[in-house]
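I opened the model to look up a few loops, pockets, cores and backbone angles. My entries follow in the order in which I made them.

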Amino acid sequence: MASFSRLVRFLARDGRTYYGDAILPSGVTDIAKAKQAKIIRGQIFGKYDVTDQVEDIRMLLAPLALDDVKTVRCLGLNYEQHAKESNLPIPKFPVLFYKPLTSLAGPTDPIPVHPLAQQGSGLDYECELVAIIGKPCSDVPESSALDYVLGYAIGNDVSHRDWQLKHGGGQWSLGKGFDGWAPYGPGIVSSKIIKDPRNLQISTKLNGKTVQESSTKDMIFGVAKTIAFLSQGTTLLPGDLIFTGTPQGVGMGRKPQLWLKDGDIVEVALEGVGTCANKVKFTKVRSKL
């Protein structure tokens with residue numbers, strides 16, 4: 001059975017949702033530009049087949065259905081220049097926190113900002129390489145850690161600095177775990193295509209202006225080292241997502257500071273994977289009937 005190259009989950013023109021292998025024009029690597037995909041039948045983390053059935057893509061969705069995701073792990077302060085702009089020492093060990101599954105969203109979904117997160121200031125963007133675990137791993141050495149990766153995506157670890165740093169009791173998750181605050185995609189590029197994630201260009205644009213531009217080579221703990229560390233005494237499972245930290249250029253580190261506003265368009269991009277473009281949308285509390 002053939003394995004996928006660029007996994008997408010999408011709404012087709014027939015109104016159904018499929019997993020597929022994105023079809024890209026020659027010379028194009030941005031999955032967001034895919035118009036068609038070969039349908040995948042079976043279990044993404046089990047036995048599946050990339051068929052010859054081709055469907056038109058109406059809209060790209062989050063690459064994995066929530067039922068196929070196990071946990072969302074995230075690293076903080078994992079780029080050397082980001083740690084410096086934050087005026088914090090270089091971590092000796094990975095700084096780990098978690099996001100809830102409900103924070104996950106697709107590559108074009110709006111970023112909903114609940115009234116609680118509209119209070120004060122500090123709404124921020126963070127482009128991040130996302131590694132997706134493809135098979136169980138425990139106590140794996142760094143030398144073979146990448147063998148357990150299904151593939152890679154680009155994500156945005158949307159954050160509210162007040163709730164993260166001032167009101168969270170020392171825990172970051174409150175300021176990073178709102179619904180829809182982890183858009184990722186636009187698909188998952190197989191680890192057979194991206195064999196080494198250590199030197200990929202990564203960036204963020206805010207309303208068309210580049211605000212983050214770096215390379216994954218600035219990571220303090222690369223993907224292999226991160227997986228080896230996180231798997232010590234803790235089994236990583238197929239469907240675990242790892243947001244691997246953000247480079248310098250976040251709004252908090254700028255002078256003057258730059259915060260997201262209602263209506264802003266945030267584009268995060270990763271070389272060889274593509275772009276997620278999400279619009280910030282301030283919401284209202286839904287009245288209960």
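**Entry 1: T235.** I looked up T235 and found 42% relative accessibility, so T235 counts as partly exposed; the class runs between buried (under 20% relative accessible area) and exposed (over 50%), with a 1.4 Å probe and protein chains only. T235 sits in the loop between α4 (223–230) and β16. Helices here are DSSP runs of H or I with at least four residues, strands are runs of E with at least two, and both are numbered from the N terminus. I also took the C-alpha distance from T235 to A12, which is 35 Å across 223 residues of sequence.

**Entry 2: ground rules.** I note that this is a predicted model, in which local features need pLDDT of at least 70 and side-chain atom pairs count only at pLDDT 80 or more, while totals for chains, interfaces and linings use all residues. Residues are numbered from 1 along each chain as its sequence is written, and side-chain values use heavy atoms, without hydrogens and water.

**Entry 3: G253.** I placed G253 in the loop between β16 (241–243) and β17 (265–270). G253 is partly exposed because its relative accessibility is 25%. Its C-alpha atom is 24 Å from that of V223, 30 residues away along the chain.

**Entry 4: backbone angles.** Most residues other than glycine have a negative phi, and most peptide bonds are trans. I listed exceptions.
- D139 has a positive phi near 55° and lies in the loop between β10 (127–133) and β11. D139 counts as exposed because its relative accessibility is 53%.
- N207 has a positive phi of about 50° and lies in the loop between β14 (201–206) and β15 (209–215). At 46% relative accessibility, N207 is partly exposed.
- The bond joining G185 and P186 is cis, with omega about -10°; P186 is in strand β13 (residues 182–190).
- The bond from K255 to P256 is also cis, with omega near -5°; P256 is in the loop between β16 and β17.

**Entry 5: pockets.** I used a 1 Å grid over the protein atoms alone, where a pocket is an open set of points that a 1.4 Å probe fits, with protein on both sides within 12 Å along at least five of seven lines, and lining residues have an atom within 4 Å of a point. The largest pocket holds about 340 Å³. Its lining has 19 residues, and D147, V149, L150, S191 and K192 are the closest to the centre. Strand β11 (residues 149–156) gives the most to this lining, three residues. I counted ten nonpolar, five polar and four charged residues in the lining of the largest pocket. The second largest pocket holds about 250 Å³, and its lining includes H114, F178, D179 and R286.

**Entry 6: cores.** A nonpolar core is a set of buried Ala, Val, Leu, Ile, Met, Phe, Trp, Tyr and Cys residues joined through side-chain atoms within 4.5 Å. Which members of the largest core touch the most other members? I found F10, L129, I154, W181 and I227, out of 51 residues. This core draws at least three residues from each of domain 1 (6–60) and domain 2 (66–282). Another core, of 23 residues, lies apart from it, with V72, Y184, I188 and F243 among them.

**Entry 7: record.** In an unreviewed entry, UniProt lists residues 72–280 as "domain: Fumarylacetoacetase-like C-terminal". The end C-alpha atoms of this span are 22 Å apart, and the span is 11% helix and 34% strand.

Technical notes: Grid points are joined across faces, edges and corners, and a volume is the space filled by probe spheres set on the points. Ala, Val, Leu, Ile, Met, Phe, Trp, Tyr, Cys and Pro count as nonpolar, Asp, Glu, Lys and Arg as charged, and the others, Gly among them, as polar. Domain bounds come from an automatic or database domain assignment. UniProt positions are given in the numbering used here, feature names are shortened, and annotations may be inferred rather than shown by experiment.
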